[in-house]
Amino acid sequence: MIMASKNQRSKPAAVWHGVWPALLVAVVVIGLWYSASHFWGMPKYILPAPDLILKEAIENPNSLLRNGWVTLVEATTGFAVGVLLAVFVALVLDSWRFLEKGMSPYLVVGLNIPIVAIAPAVIIWFGFGMMSKIVVAAILTFFPVVIYTLKGLKAADRREVDLFSVLSASRIQGLLKLRMPSSLPFFFAALRVASAASVLAAVVAEFIQANAGIGYLILTAAYTNNTPRIWAAVAVSAGIALLFYWVVTVAERKIIPWHASVDARN
Amino acid sequence: MTAAVVARELSVTFESGGGQFQALNAFNLTVEKNEFVSLIGPSGCGKTTVLRCIADLISPTGGSVMVNGIPPRDAIKKRDIGYVFQSATLLEWRNVLKNVMLPLELAGVPRAEALPRAEAMIERVGLTDFVKNYPRQLSGGMQQRVAIARSLVMNPDIILMDEPFAALDEITRDDMNRWLLEVFAQSSTTILFVTHNIREAIMLSDRVVVMAARPGRIVKEFKVSMPRPRTAEQTFTDEFSRIRQEAEEALYGAATRTKVGE
Ligand SMILES: Nc1ncnc2c1ncn2[C@@H]1O[C@H](COP(=O)(O)OP(=O)(O)OP(=O)(O)O)[C@@H](O)[C@H]1O
Ligand SMILES: [Mg+2]
């Protein structure tokens, strides 16, 4: 990033240098997979050949796109709502020690709610449309973000707290200029967890009851034994989760370029 | 005229591991306005504890501290005190400029006025080429210089410095000493300076105060009357060697007494 990098490569060359090992792995795996299906007799119901999955995706793109879009909207909306709520609650609990003490055991319980257990109840409350999926995604986002952010708000170094005291900083200055910046690395770690969890939440909730979405598509494809379609849908959901992860990583790099974790990953 | 710092019968007791630990006992020190006083003493003798009492980071268990005739808390509120910590303590998300701007920001100084002040201060510590660098991109000595710039930027009456140059090599330390002498000569600040280095203490100070541990207390004081501006040649004067020898005796006496006491 800001520092002169050890080996000064041009930008495309540097990107290529970072990417080619992963590409090589992909080529080898897909090659083996292709051979297993076409030459070594692996049955289609176990895992259809890669080209069959691609063919399915190209021939029937509409249902993939439509259902993928539904899941994307559910997951992003749930994620956004969950994060906003979590930050708000974390700030409230942080400024009110008593409430925090009272709440923190239940936050841990909340963090450990199995999504499969909670989803049916949420669907009963909010119907089998998108709303219930958004709520499940929000719940799964909310708990890790609250817990990590609260932890982060207390992560300021003892000496930095002394510095602010010597500089006669007000409480609100301490929050804005010390405790909130120190919490950002924790916050982003939580976002990373939550970004994957919110996609998972939406898809699992769709399995339980839905009329659209990737989970719904997989379920209907399974009824008709359409394995290429199942795998095409799996690929789309993985793509959505990766997209999420990528957005969080880019935001982290932009917002906390000073943090060791960002520096190390570059 | 009231003294810059008056500590009377100061005592500090810490609760530690079930027992009590007396870090300071009957500590008496007066620092006059515009005086440069060094505190030296073995590790753990309570030097940092003295500074922390003056900066209202801890409340003494007994005795009192006054800063410019008012209690430390009020002096801190008036931003009369600058503090250079034993470790640089820079905020890792702020670059050099923003770290030096911090005290001005917290004091509500408008940016248009704060910026040139911070820049001038950074120039004085010789880091103008590094204003945009983050702390992790600086050497230990550079970080400490940023911390010093930050403590000076508010023009405080009194500066508390806790071993600011301990991490530096001999050459850089001499440089920084010369620089600090200049800063001290050009301003009307009072400096209370903690160090382990006797040479540094004598070169910089009007008075050198030697402490002993368990409990932390003052064992000896030396007045340094070598004229200012101080120069390296003065380290060859009789006064310098006399004070150095006596201070060393006091210091090692203090250290052995500590050991015997254990
Ligand atoms: N918060 C605390 N709780 C318990 N004991 C403490 C605390 N702070 C300091 N002490 C003890 O008080 C004594 C004096 O500590 P202090 O930091 O003032 O020493 P010092 O002279 O600055 O040492 P050094 O030269 O190593 O920095 C030490 O023995 C230390 O263990
Ligand atoms: Mg100390």
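Which helices each supply at least two residues of the lining of the second largest pocket? I looked this up before anything else. They are helix H7 (158-166) and helix H8 (171-208) of chain A, together with helix H2 (72-77) of chain B. I keep in mind that this is a predicted model.

**Pocket.** I noted a volume of about 410 Å³ for the second largest pocket. Its lining counts 20 residues, and those closest to the centre are A:Val161, A:Phe164, A:Ser165, A:Ala169 and A:Gly174. H8(A) gives the most to this lining, with 5 residues.

**Sheet in chain B.** I then turned to an open sheet of 3 strands in chain B, ordered S2-S1-S4, with antiparallel pairing. Strand S2 (19-31) and strand S4 (62-67) stand at the edges with a single partner strand each, so one side of each has no neighbour in the sheet. On average, neighbouring strands here are turned by 30° against each other, direction ignored. I traced the pairing of strand S1 (residues 5-16) with S4(B): they run antiparallel and are joined by 5 bridges. I picked out B:Ala7, whose bridge partner in S4(B) is B:Val65. Helix H1 (residues 47-54) of chain B packs on this sheet and touches S1, S2 and S4. The direction of H1 makes about 115° with that of S1(B).

**Magnesium.** Which residues coordinate the magnesium ion (ligand 2)? I found B:Thr48, through OG1, and B:Gln86, through OE1, at 1.9 to 2.5 Å. B:Thr48 lies in helix H1 of chain B, while B:Gln86 sits in the loop between strand S5 (81-84) and helix H3 (96-106), so the pair ties together parts that are 38 residues apart in sequence. B:Thr48 is partly exposed, with a relative accessible area of 26%. B:Gln86 is also partly exposed, at 44%.

**Backbone.** Most residues other than glycine have a negative phi, and most peptide bonds are trans. I looked for exceptions in chain B. B:Asn34 has a phi near 65°; this residue is in the loop between S2 and strand S3 (36-40) and is partly exposed, at 39% relative accessible area. B:Asp56 has a positive phi of about 60°. I placed B:Asp56 in the loop between H1 and S4, partly exposed at 22%.

Next came the cis peptide bonds. One joins B:Arg214 and B:Pro215, with omega about -10°. B:Pro215 lies in the loop between strand S8 (207-212) and strand S9 (217-223). Another runs from B:Arg228 to B:Pro229, with omega near 0°. I found B:Pro229 in the loop between S9 and helix H8 (238-261) of chain B.

Key. Residues numbered from 1 in each chain as written. Chains lettered and ligands numbered in written order. Predicted model: local features only at pLDDT ≥ 70, side-chain atom pairs only at ≥ 80, totals over all residues. Heavy atoms only, no water. Pairing = 2+ DSSP bridges. Helix = DSSP H or I, 4+ residues; strand = E, 2+ residues; numbered from the N terminus. Axes fitted to C-alpha atoms, helices over the stretch in contact; angles between N-to-C directions. Contact = heavy atoms within 4.5 Å. Donors = N, O, S within 2.8 Å, 3.2 Å for Na, K, Ca; no water. Buried < 20%, exposed > 50% of the residue type's maximum accessible area, 1.4 Å probe, protein only. 1 Å grid on protein atoms, 1.4 Å probe; cavity = no way out; pocket = protein on both sides within 12 Å on 5 of 7 lines; lining within 4 Å. Points joined across faces, edges and corners; volume = space filled by probe spheres on them.
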